[in-house]
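Colleague: I am new to this structure. Please take me through it feature by feature.

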Amino acid sequence: MKNKNTLYRLFEFAESCKGLLLSSVVFAVLGAGFGIVPYVAVSRIIIQICAGDYSLKSIILMAVIALLGYLLQLGLSTVSTVRSHRAAFTVLKNIRTALTKKLSRVPMGFVLDTPSGKFKTMLVDTVEKLELPLAHMIPELTANIMIPVLMLIYFMFLDWRLALIALATFPIGMLCYMGMMKDYEKRYDRVIKAAKAMDAATVEYIGGIEVVKAFNQSSDSYRKYAEAVKENENSKSEWFKKTNPYYAAGIAIAPSSLIGVLPVGSLFYIGGSISAGSFISCIILSLGLIAPLIQALRYTDSLAMVDATVKEIGSLLDTEEMERPKKRAHLKGENIEFYNVSFSYKDTEVLHSISFEANENEMTALVGPSGSGKSTVARLIASFWNAGSGTVKIGGVDVQNIPLSQVMEHVSYVSQDNYLFHLSIRENIRIGKPDATDAEIEQAAKKASCHDFIKALPQGYDTVAGDGGNNLSGGEKQRIAIARAILKDSPIIVLDEATAFTDPENEAVIQRSIGELVAGKTLIVIAHRLSTITMADKIIVMNHGHIEAEGGHQSLLESCELYRTLWNAHISVSDKKENGLTSTAALGETV
Ligand code: ADP
């Protein structure tokens, strides 16, 4: 898979539209072939008139041939363009399909770690950039190279000396072109990087606008966005400054083939070595010779862009996938075991050789200060990543030997960030079990204590949750996520209990919902409010990526200093809460 070059990749994406591409090339070549006909016909007319050897019939015949040649060129290149467009749309579709398929195979953690703006930019904008060059390159590049080459052959046939003189300015143009291409890739790379950074900064700025406004942080977060916009402008200006003078010089010098053809041709004519008709034809030919070649050179810009874009797409397609077997594993029970598991985010190890067991039919709670590694443990159970070293087992089998689909089937991971799709609440719950009946959905909602608030919504279960569930409270979203998990009825449930929704009323209902989840299952709760887990069968106290202690609530209170501190902090916040003194900040500090 690695290091595929751009052309190879494009051919891969074009596999399903090979026929279209090939026929587009054939029509483009035929069109270009006919493109020379008007030049030849017109020059024949001129030569005949100048030689005084013409008849009305022969002139009309040549004019008709010129017109036919022109129409055929137009018709064939249009057919070629239509075909190349259809091929380009297919290639774009294939790239997008490959990218989305890839996203489903890379570790979930990779998806979480990548800003969502980046995927959006890649799938929508980056891929779209390929449409124009891919759709136009075949017909236009073919015509722009072939027609001048054919014209040159005819030019040579008329007068090879003038043909060479007409070409003399082209090498100067090429020198300008080479000047333009110096460090081109590096400059272009900067332009692309800056554009991407601006896209990501824009998405982030707009996405976080609520927080920005609430905390009156507009100047700070705006700075990041403004810097990205500035860099985008600077990179483009630099690119333009360094590219354009060469380009302008090339455009001005290269096509001025008349500079040589006119004086030298006149001398030849005076000397009698060229007829008036051929001389005039040569002037016409030299007028149209270079411009298409320059036009063709412009495509190097597009080619550099295609190359950079395909490489960028390729880098995502080459992301390492999660290697898991296809064959279902035979699990013995639903226990979860960690043996000496270490895990690093990039170069920072955050779990250091931890071992524990979470038993079937039991509730195991993970507690510890913020950043101690609780969520990372939860995500390793759900196979968002593979452990760096050590083994994570489900039902006695190393998760690396269990197909990802089987892990997903066995584990319900209720995260803090419960995304609701822009669908009805009913359909949002149904995601837990696609073939669930409406009655099953309502029953799960009742167990998750969300039936009442759903019923109170304007359209009940048919109320559409806004984008990401924005029109529901955090607590409500979490309860809907719990209803999904209840409906899914998987034997292992990992609940990353949300920190944000700590009003006592909500806490009580969430606790009831958790009670519904636990029956007959392996339940792992990442607890941010210790009162919800005092009844847990096992509490694992984490600190700086280590397990500090494990046991029941009472025994930990007696034996574990850290647990006691966490508990006291929790109690004192609860007390303040009861006395109406609580603040969101204080609650946030309990973890
Ligand atoms: P907890 O759930 O106990 O708050 P986490 O498991 O979320 O702890 O985090 C453990 C450590 O790993 C923290 O230092 C955190 O900053 C870091 N961390 C968490 N997620 C990521 C991530 N996606 N990329 C890099 N570091 C991360």
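Modeller: Start with overall extent. A compact globule of 591 residues would have a radius of gyration near 25 Å, but this protein has 35 Å. That radius is taken over C-alpha atoms, and the globule rule is 2.2 Å times the number of residues to the power 0.38. The C-alpha atoms fill a box of roughly 115 × 50 × 45 Å along the principal axes.

Colleague: What kind of model is it, and how are residues numbered?

Modeller: It is a predicted model: local features need pLDDT of at least 70, side-chain atom pairs count only at pLDDT 80 or more, and totals for chains, interfaces and linings use all residues. Residues are numbered from 1 along each chain as its sequence is written, and side-chain values use heavy atoms, leaving out hydrogens and water.

Colleague: How many helices and strands does the protein have?

Modeller: There are 23 helices and 10 strands. Both are DSSP runs, numbered from the N terminus: helices are H or I with at least four residues, strands are E with at least two.

Colleague: What share of the residues is buried?

Modeller: Buried residues make up 46% of the 591. Buried means under 20% relative accessible area, exposed means over 50%, and partly exposed lies in between (1.4 Å probe, protein chains only). The protein exposes about 29500 Å², and carbon and sulfur atoms supply 61% of that area. Accessible areas come from the Shrake-Rupley method with a 1.4 Å probe; for residues, only the protein chains shown count as cover.

Colleague: How do I read contacts between residues at least 6 apart in sequence?

Modeller: Contact means heavy atoms within 4.5 Å. Among contacts between residues at least 6 apart in sequence, 78% join residues at least 24 apart.

Colleague: How do I read a pair of packed helices?

Modeller: Two packed helices are described by the angle between their axes and the distance between the axes. Take helix H6 (residues 116-128) and helix H13 (residues 276-317): their axes come within 11 Å and cross at roughly 145°. Axes are lines fitted to C-alpha atoms, for helices over the stretch in contact, and angles run from 0 to 180 degrees between N-to-C directions.

Colleague: Which residues of H6 and H13 make the contact?

Modeller: H6 supplies Phe 119, Met 122, Thr 126 and Val 127, while H13 supplies Thr 309, Glu 312, Ile 313 and Leu 316. By class, that is 5 nonpolar, 2 polar and 1 charged residues. Ala, Val, Leu, Ile, Met, Phe, Trp, Tyr, Cys and Pro count as nonpolar; Asp, Glu, Lys and Arg count as charged; the others, Gly among them, count as polar.

Colleague: Is Asp 301 buried, partly exposed or exposed?

Modeller: Asp 301 lies in helix H13. It is partly exposed, because its relative accessible area is 27%. Not counting residues up to four places away in sequence, Asp 301 touches Tyr 184, Tyr 188 and Trp 239. Its C-alpha atom is 9.1 Å from that of Tyr 184, 117 residues apart along the chain.

Colleague: Where is Lys 102, and what does it touch?

Modeller: Lys 102 is in helix H4 (residues 56-105). Its relative accessible area is 3%, so Lys 102 is buried. Beyond four places in sequence, Lys 102 touches Leu 316, Leu 317, Asp 318, Thr 319 and Glu 321.

Colleague: Which residues does Thr 364 contact?

Modeller: Thr 364 is in strand S3 (residues 363-367). It is buried, because its relative accessible area is 1%. Leaving aside neighbours within four places, its contacts include Ala 358, Leu 523, Val 525 and Ile 540. By contrast, Thr 364 and Tyr 225 are 139 residues apart in sequence and 43 Å apart in space, C-alpha to C-alpha.

Colleague: What is the phi of His 544?

Modeller: Phi of His 544 is near 45°, a positive value. His 544 lies in the loop between strand S9 (538-543) and strand S10 (546-551). Its relative accessible area is 61%, so His 544 is exposed.
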